[in-house]
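The entries follow the order in which I looked things up.

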Amino acid sequence: MKSLNQPSYRIVAIPGEGIGPEVIEASLKVLQHVARLERFTLQVDYGYIGRVALEKFGSNFPQATAQLCNGSDGIVFGAVSQSGLLELRKHFDFFCNLRPIRIINSLLHKSSLRPEKVEGLDMLIVRELVSGIYFGASGRASDDRGAYGYHTMCYYDEEIRRIARKALQQAQQRQGLLTVAHKENALPHLPWTHLVQEEATKFTGVMVEPMLVDNLAMQMVLKPQRFDVILAGNLFGDILSDIGGALVGSIGLLGSASLNGDGFGLYEAIHGTAPDIAGKGIANPLGTLAACILMLQQWGETQAAAKIIAAQDRILAKGYRTADLSPQEGEILVSTEILIELLLEEISIIQHSELGVLDEQCR
Ligand code: IPM
Ligand code: MG
């Protein structure tokens, strides 16, 4: 927590598996660098969930990890292939998952869509993260027709209302359009439209636009620029946010914040463990870094966040690309490590030029 002199934060880093450890290490370097420049300190503890935790502690989500996270200022998470992540989200009630999908100008041509279709694209997916079908009654059983499996999509009205309030708040601070993903023609007992509309009466200036989720997926590809905030339940939000990866050029660029009611959060990229490229040093660290930027913003360290964003935009504008962005002619393929080195250098340049401007102003 912040003290009067030098703010100090404690985070728990959970690298996980696959490319998780690489992108965590890379992002922490950047965080420590901006911490020095912005004069705050960052203490990092390491925690385990998923396969690594199972081997070490005999559980996917050990008590020790939960305790370590208690009282910290944020959890920065890499990737896991096995469960543990859902338990972590549930344990701290991280119900509000924010997934910003913004195009970076120098990557317009990397989108799966034509550049003019994604120019200026800036949307936010608000995904409910601790309920719905991932947490409903489930199992395997058998009857006279044979063996079967089931997962149940169950939402308490209040669970829909509380995430609706978060999405409405976001829409109010943005362009004022809230699109609600639902499937009421097939799932009429989950009345997202009605519940969100009721909550919306407390939020002036927000237009609520209900949309069947299958149509919404199509509209995200046909006219992505029309969206502002999209509210979705756990399953639909998971699926829709991957479309975002195709829109911006690589899922490796996207990060997310998952917050509980107190504003405590888990920060992670949207991508998975990417086992095919794990250990090769070529993963894109910008997704996890995007999540770290959200953490800095959540703490109010907006200068630090702005510096990372500016440096990242400059590096990309100069043509540096990790492999997931398929470098073309005139672009330079770089490893995770080189990209981070370039980024640190650029942050320092920005810092010095700012100090230069300040000097000028003082003279
Ligand atoms: C995501 C991921 C996770 C999810 C998996 C790894 C459980 O796909 O964060 O989007 O489904 O929530
Ligand atoms: Mg997903």
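**Entry 1: ligand 1**

I listed the residues around ligand 1 and got Arg89, Arg99, Arg127, Tyr134 and Asp238; a residue is near a molecule if one of its heavy atoms lies within 4 Å of it. The model is a predicted one, where local features need pLDDT of at least 70, side-chain atom pairs count only at pLDDT 80 or more, and totals for chains, interfaces and linings use all residues. Residues are numbered from 1 along each chain as its sequence is written, chains are lettered from A and ligands numbered from 1 in the order in which they are written, and side-chain values use heavy atoms, with hydrogens and water left out.

I sorted the shell by type: one residue is nonpolar, none is polar and four are charged. Here Ala, Val, Leu, Ile, Met, Phe, Trp, Tyr, Cys and Pro count as nonpolar, Asp, Glu, Lys and Arg as charged, and the others, Gly among them, as polar.

Next I looked up distances from ligand oxygen atoms to side-chain N or O atoms. For arginine 89 the value is 2.7 Å. For arginine 99 I found 2.8 Å, and for arginine 127 also 2.8 Å. Ligand 1 on its own has 320 Å² of accessible area, and the protein covers 71% of that; the areas come from the Shrake-Rupley method with a 1.4 Å probe.

**Entry 2: helix α8**

Which residues of helix α8 (residues 213-222) are buried? I noted Val213, Leu216, Gln219 and Met220. Buried means under 20% relative accessible area, exposed over 50%, and partly exposed in between (1.4 Å probe, protein chains only). These residues lie on the same side of α8 because they cover an arc of only 110 degrees around the axis, taken from the directions from the helix axis to the C-beta atoms. Helices (H or I, at least four residues) and strands (E, at least two) are DSSP runs, numbered from the N terminus.

I then checked what covers the buried residues of α8, and the cover includes β5 (122-128), β8 (177-182), β9 (207-212), β10 (229-232) and α9 (234-248).

**Entry 3: serine 256**

I found serine 256 in strand β11 (residues 255-259). Its relative accessibility is 0%, so serine 256 counts as buried. Leaving out residues up to four places away in sequence, serine 256 touches Asn97, Leu98, Arg99, Leu266, Tyr267, Glu268, Ile270, Ala291 and Leu294, where contact means heavy atoms within 4.5 Å. The side chains of serine 256 and asparagine 97 form a polar contact of 3.3 Å. A polar contact is a pair of N or O atoms within 3.5 Å; within protein, one must be able to donate a hydrogen and the other to accept it, and residues adjacent in sequence count only if both atoms are side-chain atoms.

**Entry 4: positive phi**

Most residues other than glycine have a negative phi. I noted arginine 39, with a positive phi near 60 degrees, in the loop between α1 (20-38) and β2 (41-46). Arginine 39 is exposed, at 61% relative accessibility.

Aspartate 93 has a positive phi near 55 degrees and sits in the loop between α4 (85-91) and β4 (96-102). Its relative accessible area is 29%, so aspartate 93 is partly exposed.

**Entry 5: asparagine 260**

Asparagine 260 is in the loop between β11 and β12 (265-269) and is buried at 11% relative accessibility. Beyond its neighbours within four places in sequence, asparagine 260 contacts Phe92, Asp93, Phe94 and Phe95. A polar atom of the asparagine 260 side chain lies 3.2 Å from the backbone oxygen of phenylalanine 92. The side chain of asparagine 260 also reaches the backbone nitrogen of aspartate 262, at 2.9 Å.
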